[in-house]
Amino acid sequence: MAGSSAWAWLDGEYLPWAEAKIHVRTECVMRGGSVFEGVPGYWSAAQGDLFLFRLEAHMRRLEASMRVMRMQLPYSLAVLENVVSELVRRCDFREDIHVRPTVYFGVGSAFGFKPAEIEVGAFVTATPMPRVEGRAEAGIRMAVSSWTRNSEANQPPRVKASGSYLNGRFAQVQAVVDGYDGAILLSRAGHVAEGPAACLMMVRGGVISTPRLSDGILDSITRSTLIECLGRELELRVEARAIDRTELYIADELFECGSGHEITPIVAVDRFPVGDGRVGPVTRRTMELYRRIVRGEMTQYRSWLTPVYRTAD
Ligand code: PMP
């Protein structure tokens, strides 16, 4: 029988989902003061196990976000890392999932800006992977947003803070209201940055390009995975460089990549069809490669997988 999000972990305790609550007067509620990760987990029926993908890299990025935010947990992050696996076991998931370890600022002094005077807590939740049916097969239609991406000069995109997600929300809501599936944000300098919750890769003339980290993007783990594996496995070169908006209009192929969005083909931008308007061959090969890596079908990448039930080996 498949599991469910019956349990959550909050500040040291496993609690029934409905009881995992924090106070309204916390910094995370009042001013978006929390940092988090979205760790994907893949169920392999063939291997009878669920694999968390690149858990260690996610925990390292969480640590980096905490450091820049000057957040200090009263215990080691290894505790949270263990909770991620234990929570999945408790929930008994046997399907693809999305786990969200979060570190938050709690109740503090009057204005909440002195890190030493404020509690720091953590929680972890796990849910089935949120997928929108048909997107991976048919692709999505995007709008370049008139909202620009946060930058290192205001809300550093490297820090995965919940408050920073309001930037992507403005763009995404506008795009959806205007009849698109999603938004692409540009940097203030006019370069292509990323989507509200995923990075971008563009194929032109057989070369794959992706925006640079300094163009206002999250240091995406899926992006790094593809940069590392596409060259080696598919002999496709990936270069990180500044990308102009108009390149999107003349690209051969375009796709999103991220732990939640996985590899999602983009088939139109601002109503220009991308290539011939259908999912292209490089995108398809990338989707298949990513699928095989995350499901434990490529032994050379097994060290990226944390088996939760450990029935496989
Ligand atoms: N950019 C943003 C703003 C995101 O929220 C995400 C999802 N975490 C990504 C990019 C993709 O990052 P990752 O591959 O690490 O999930």
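Modeller: A charge counts as sitting over a ring if NZ of Lys or CZ of Arg is within 6 Å of the ring centre and within 35 degrees of the ring normal. Keep in mind that this is a predicted model.

Biologist: Fine. Which ring does Arg271 lie over?

Modeller: Arg271 lies over the face of Tyr180, and the distance to the ring centre is 4.4 Å.

Biologist: And what does the charged end of Arg54 sit over?

Modeller: The ring of Trp304, with 4.2 Å to its centre. Arg54 also has a polar contact, side chain to side chain, with Thr225 at 2.9 Å.

Biologist: Where is Thr225?

Modeller: Thr225 is in helix α6, which covers residues 221–234. Its relative accessibility is 0%, so Thr225 counts as buried.

Biologist: Back to Trp304. Which aromatic cluster is it in?

Modeller: Trp304 forms one aromatic cluster with Phe53, Tyr290 and Tyr301. In the structure there are nine aromatic pairs.

Biologist: How is a pair of rings described, in general?

Modeller: By the distance between the ring centres and the angle between the planes.

Biologist: Then what kind of pair are Phe53 and Tyr290?

Modeller: Their ring centres are 5.9 Å apart and their planes are at 85 degrees, so the pair is edge-to-face. Phe53 belongs to strand β5 (residues 49–53) and Tyr290 to helix α8 (residues 281–294), so the pair ties together parts that are 237 residues apart in sequence.

Biologist: Buried or exposed, those two?

Modeller: Phe53 and Tyr290 are both buried.

Biologist: What about Tyr301 and Trp304, what kind of pair is that?

Modeller: That pair is stacked, because the planes are at 20 degrees, with the centres 5.1 Å apart. Tyr301 is buried, and Trp304 is buried too.

Biologist: New topic, the ligand. How many residues surround it?

Modeller: There are 15 residues around the ligand, and the closest are Arg61, Tyr165, Ser220, Thr222 and Ser259. By class, the shell has seven nonpolar, four polar and four charged residues.

Biologist: Which side chain has an N or O atom 2.4 Å from a ligand oxygen?

Modeller: That is Tyr165. Ser259 has a polar side-chain atom 2.6 Å from an oxygen atom of the ligand. For Lys160, a side-chain N or O atom is 2.9 Å from a nitrogen atom of the ligand.

Biologist: How much of the ligand does the protein bury?

Modeller: Taken alone, the ligand exposes 380 Å², and the protein buries 95% of that.

Biologist: Now the backbone. What is phi of Glu262?

Modeller: Near 55 degrees, which is a positive value in a residue other than glycine. Glu262 is in strand β15, residues 262–269.

Biologist: Why does Glu262 count as buried?

Modeller: Glu262 counts as buried because its relative accessibility is 15%, and the cut-off for buried is under 20%.

Biologist: And what about phi of Asp270?

Modeller: Phi of Asp270 is positive, about 50 degrees, although the residue is not a glycine. Asp270 is in the loop between β15 and β16 (272–273).

Biologist: Last one. Where is Trp7?

Modeller: Trp7 is in strand β1, residues 7–10. At 29% relative accessibility, Trp7 counts as partly exposed.

Biologist: How far apart are the C-alpha atoms of Trp7 and Cys199?

Modeller: They are separated by 31 Å, and along the chain Trp7 and Cys199 are 192 residues apart.

Technical notes
Residues numbered from 1 in each chain as written. Predicted model: local features only at pLDDT ≥ 70, side-chain atom pairs only at ≥ 80, totals over all residues. Heavy atoms only, no water. Near = heavy atom within 4 Å. Polar contact = N/O pair within 3.5 Å; in protein donor to acceptor, adjacent residues only side chain to side chain. Areas by Shrake-Rupley, 256 points an atom, 1.4 Å probe, with all protein chains shown as cover. Nonpolar A, V, L, I, M, F, W, Y, C, P; charged D, E, K, R; others polar. Phe/Tyr/Trp six-rings, centres within 6.5 Å; stacked < 30°, edge-to-face > 60°. Helix = DSSP H or I, 4+ residues; strand = E, 2+ residues; numbered from the N terminus. Buried < 20%, exposed > 50% of the residue type's maximum accessible area, 1.4 Å probe, protein only.
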